[in-house]
Amino acid sequence: MQDKNFYVLSLIERTTGVAKAVGEERPLASILDQKRAALERAARSCKTVSCIDGTLRWTDAEIAAGADALKQAYSASDAVHMFVDETLRESGAYVRYQSKAGGDLLAQAWTDAARGMNQAIDVYGEGKNSRYSSMDPPAFDVKGAEYEQIVHTVAGLLAEQSAEMRLFFQPTLKFALHLLDTNKRDEAGRLEPLEQRENAAAVHRIPTIEWSRFPYTVIVVPGEGGDRLTWTLAPEGKLRVEIAARRWREGRAPLILVSGGYVHPNQTPFSEAVEMKKSLIGDFAVPEDAILIDPHARHTTTNLRNAAREMYRYGVPFNRVALITTDSYQSAYIESAEFAKRCENELGYVPHRIVKRLSVFDLEWMPKVESLQIDAAGDLLDP
């Protein structure tokens with residue numbers, strides 16, 4: 001969960017020279033002291049969730065101070081300089097900031113992470129609306145006595161651990177992650193690492209594929225979640241899978257990529273992509289090494305974004321056309337100006353380029369590298 005939402009912070013923690021340099025930066029050490037003290041106050045004095053939230057949430061001034069200090073660390077430390085210009089840039093997780101100077105890129109990555117932590121506190125501490133409030137609300141009444149006791153216990157536990165925290169962001173980061181965990185909002189980390197688990201067979205096969213034998217690289221199939229607790233796969237999803245299996249048998253592409261997370265109904269135990277994969281194998285005899293899954297996307301926007309991410313990271317040719325195969329209703333929506341506008345509004349960019357329509361079910365498309373950008377502040381359950 002931390003890696004998916006706050007990758008820059010995970011990298012800092014795991015890179016010894018960088019962690020040392022960041023820990024020794026005086027303004028950042030001062031922030032750490034303040035947050036440790038906030039934890040102690042919260043555990044000792046706070047009687048409400050809002051009180052605890054308020055002590056640990058990042059203020060605009062703290063975010064700005066952290067950004068300035070990280071820029072200074074970039075200028076002063078060879079380890080931080082190399083970390084940003086090599087590891088951080090090459091990760092692709094902040095690809096939309098590639099044109100920025102190194103210190104500015106690090107500062108922006110930190111700012112995004114701070115906003116993501118605040119988002120976790122706002123939604124799962126304060127009960128504020130998120131982008132998809134109807135789909136990912138808190139599991140508790142955040143004003144109720146039960147939740148107050150749980151969160152107060154979290155604060156006490158973290159206060160006990162605070163002396164072990166060496167980096168300025170760790171008290172608030174650990175608190176934000178506890179709030180997500182308490183509300184069973186671990187969707188972003190489920191089934192990871194995919195390339196070693198559900199996608200292992202296909203990822204192993206990808207280097208051997210003769211791409212020139214196929215007109216398209218991948219058949220992407222967006223999921224559809226039902227609202228019935230006992231149904232593992234909605235009929236729309238089953239129909240889309242059947243159409244995709246036909247395209248695969250026709251030799252359109254060597255791989256089918258099914259995309260859909262744990263979406264409907266709220267707190268469902270079923271991932272659309274996992275269930276579509278089961279159907280492809282069990283109902284349509286598609287071999288496992290021809291199937292990739294994205295079990296995290298919760299909207300059509302991120303169906304395409306996440307498909308592009310997997311294609312890029314798994315070595316699927318990024319400069320060739322792929323297919324989007326779905327029912328005619330969703331296909332028309334994906335092709336519409338309305339959908340492109342939604343992508344811009346929610347992601348800040350359009351993660352794909354439609355090339356042309358082939359049938360009522362099929363669109364040619366090209367993925368975009370901007371899709372690699374992490375978006376914790378936008379959707380903590382699928383950043």
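**Briefing: fold, helix packing and loop geometry**

The protein chain holds 16 helices and six strands. Its radius of gyration is 22 Å, close to the 21 Å that the globule rule gives for 383 residues, so the chain is as compact as a globular protein of that length. The model is predicted.

**Overall build**

- Along the principal axes, the C-alpha atoms of the protein chain fill a box of roughly 65 × 50 × 35 Å.
- Buried residues make up 55% of the 383 in the protein chain.
- The protein chain exposes about 16200 Å², and carbon and sulfur atoms supply 50% of that area.
- Among contacts in the protein chain with a separation of 6 or more, 74% come from residues 24 or more positions apart.

**Packing of α14 and α16**

- Two packed helices are described by the angle between their axes and the distance between the axes.
- Helix α14 spans residues 300-314, and helix α16 spans residues 337-347. They pack at an angle of about 75°, with their axes 10 Å apart.
- An angle of 65 to 115 degrees counts as roughly perpendicular, so α14 is roughly perpendicular to α16.
- From α14, the residues in contact are Thr300, Thr301, Thr302, Leu304 and Arg305. From α16, they are Phe339, Arg342, Cys343, Glu346 and Leu347.
- By class, this contact of α14 with α16 has four nonpolar, three polar and three charged residues.

**Phenylalanine 6**

- Phenylalanine 6 sits in the loop between α1 (2-5) and α2 (7-14).
- Its relative accessibility is 0%, so phenylalanine 6 counts as buried.
- Leaving out residues up to four places away in sequence, phenylalanine 6 touches Tyr94, Ala113, Gly116, Met117, Leu173, Leu177, Ala376 and Leu380.
- Serine 75 is 69 residues from phenylalanine 6 along the chain, and their C-alpha atoms are separated by 23 Å.

**Loop between α10 and α11**

- Proline 193 lies in the loop between α10 (170-182) and α11 (200-205). A cis peptide bond joins glutamate 192 to proline 193, with omega about -5°.
- Lysine 184 is found in the loop between α10 and α11 too. Lysine 184 is not a glycine, yet has a positive phi of about 55°.
- With 55% relative accessibility, lysine 184 counts as exposed.

**Loop between β2 and α13**

- Proline 265 lies in the loop between β2 (255-259) and α13 (272-284). A cis peptide bond joins histidine 264 to proline 265, with omega about -15°.
- Glutamine 267 lies in the loop between β2 and α13 as well. Its phi is positive, about 65°, although glutamine 267 is not a glycine.
- Glutamine 267 is partly exposed, with a relative accessible area of 33%.

Notes. Residues are numbered from 1 along each chain as its sequence is written. This is a predicted model: local features need pLDDT of at least 70, side-chain atom pairs count only at pLDDT 80 or more; totals for chains, interfaces and linings use all residues. Side-chain values use heavy atoms; hydrogens and water are left out. Axes are lines fitted to C-alpha atoms, for helices over the stretch in contact, and angles run from 0 to 180 degrees between N-to-C directions. Helices (H or I, at least four residues) and strands (E, at least two) are DSSP runs, numbered from the N terminus. Angles under 35 degrees count as roughly parallel, over 145 as roughly antiparallel, 65 to 115 as roughly perpendicular and the rest as oblique. Contact means heavy atoms within 4.5 Å. Ala, Val, Leu, Ile, Met, Phe, Trp, Tyr, Cys and Pro count as nonpolar, Asp, Glu, Lys and Arg as charged, and the others, Gly among them, as polar. The radius of gyration is taken over C-alpha atoms; the globule rule is 2.2 Å times the number of residues to the power 0.38. Buried means under 20% relative accessible area, exposed over 50%, partly exposed in between (1.4 Å probe, protein chains only). Accessible areas come from the Shrake-Rupley method with a 1.4 Å probe; for residues, only the protein chains shown count as cover.
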